Amino acid sequence: YAGKDIQCKAAVAWEPNKPVSVETVTVAPPKAGEVRLKVVANALCHTDVYTLNGQDPEGKFPSILGHEAGCIVESVGEGVTSVKPGDRVIPCYTPECGECLFCESPKTNLCPTIRSTQGQGVMPDGTSRFSINGEPIYHFMGTSTFSEYTVVAEISCAKIDQQAPLDVMCLFGCGISTGLGAVFNTCKVEAGSTVAVWGVGAVGLAVVQAAKMSGAKRIFAIDTNNDKFDFARRMGATDCINPHDHEDPIQQVLIQETKWGIDYTFDCTGNTDCMRAALESSHRGWGKSCVIGVAAAGHEISTRPFQLVTGRWWGGTAFGGYKSRSEVPKLVESSMKGELPIEQYITHRFQGVEQINDAIEALHSGDCLRAVVTY
Ligand code: AHE
Ligand code: ZN
């Protein structure tokens, strides 16, 4: 099909708060600097649902959501040299052009090269590669993997091992990389530290996994759903706390428990009250609190500035600070070697784009970590 349109099935989000609907879409060939991908497996992430629910201020409709996937290159546009048809890739919503101020700095992974068009739901040239009966459908996060075929920028494609099982490694496209990287890259948690994480879904559990790998001596898992705690303990949590079991605010409970607070705290809920609690539970003098969860449109954080004056740091991370094209292949490699197991996050599996609504429903059930849909 190189150079020609492809007709395939995709789950289209026509408007907020409606299920996605499976349609035949036309996927135009990749233009210069672009790559067309066959999507093999896609895992649901809460950000897809959050956008579908109209909570993302950048959300565009109609669009094709999806951003945690394992793919095979179908064809490449003019000038593309880093991948070729047949290569296995993970599309990454944080690209890596390798040439900008940000890519050249070791301090960040936030390459802004295509960020503005990505936020507008179009390719870098300002147009969409998706259409239905000639009417354009918007892209999402530069990935749009709720489609059997998608087009992404070359700088968004992390080329991974040719043998990589895409129906597992797709998880490195977002949540798991983000949780791991928040610990390893953003906070650089040291052995012997104390860690607390709000929200122990897949991202929070990846924080627990990385904290344990880093040698953290005490790992607090905080969640309002007690059913999450078994899994959290198996991943390495030493203390599981449900704030509803306490009359005092959770920050007070944790400070009492640890005397001066916790070295590193992470919010994986997107709830701004949890973000505040995480900051206020962090250690006097040096505590670092990392925002990972995405808050709904219009929500803002606050605390007494005294919390910061007395040595706490409030920060955040996108994609765990990983420079996508250079570091995702390494995550895949360590996982394939058995050093970084991630299969445990896959609690549900579905077959076919038609089942994306079922996968979304599964994600909402309390017992789902990751639901993977293979196409
Ligand atoms: N578009 C939203 C913000 C959405 C957001 O913060 N996204 C996270 C990734 S969520 C992954 O599941 C992120 O890393 N953003 C960095 C970026 O460049 O978008 C808004 O508030 O406008
Ligand atoms: Zn995500």
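In this predicted model, Val 195 has Tyr 264 as its bridge partner in strand 13. Strand 10 (residues 194–198) and strand 13 (residues 264–267) pair in the parallel sense, and 4 bridges join them. Helix 9 (residues 272–280) packs on the sheet, where it touches strand 10, strand 13, strand 14 (288–291) and strand 15, and its direction makes about 180° with that of strand 13.

The sheet is open and consists of 6 strands in the order 12-11-10-13-14-15, paired in parallel. Because strand 12 (239–241) and strand 15 (313–316) each have a single partner strand, they stand at the edges, and one side of each is left without a neighbour in the sheet. On average, and with direction ignored, neighbouring strands of this sheet are turned by 15° against each other.

UniProt, in an unreviewed entry, lists residues 202–332 as "domain: Alcohol dehydrogenase-like C-terminal". This span is 38% helix and 15% strand, and its end C-alpha atoms lie 17 Å apart.

Helix 11 (residues 324–336) has 13 residues, which at 1.5 Å a residue should span 18 Å; the end C-alpha atoms are 18 Å apart, so the two values agree. Its buried residues are Ser 324, Arg 325, Glu 327, Val 328, Leu 331, Val 332 and Ser 335. The elements against which these buried residues of helix 11 pack are tabulated below.

| Element packed against by helix 11 | Residues |
|---|---|
| Strand 5 | 88–91 |
| Strand 9 | 157–159 |
| Helix 4 | 166–169 |
| Helix 5 | 175–186 |

Helix 11 is followed by Gly 338, which has a positive phi, near 90°.

Technical notes: Residues numbered from 1 in each chain as written. Chains lettered and ligands numbered in written order. Predicted model: local features only at pLDDT ≥ 70, side-chain atom pairs only at ≥ 80, totals over all residues. UniProt positions renumbered as here; feature names shortened; annotations may be inferred. Helix = DSSP H or I, 4+ residues; strand = E, 2+ residues; numbered from the N terminus. Expected span 1.5 Å × (residues − 1). Buried ≥ 20, exposed ≤ 12 C-beta atoms within 10 Å, placed from the backbone. Contact = placed C-beta atoms within 7 Å. Pairing = 2+ DSSP bridges. Axes fitted to C-alpha atoms, helices over the stretch in contact; angles between N-to-C directions.
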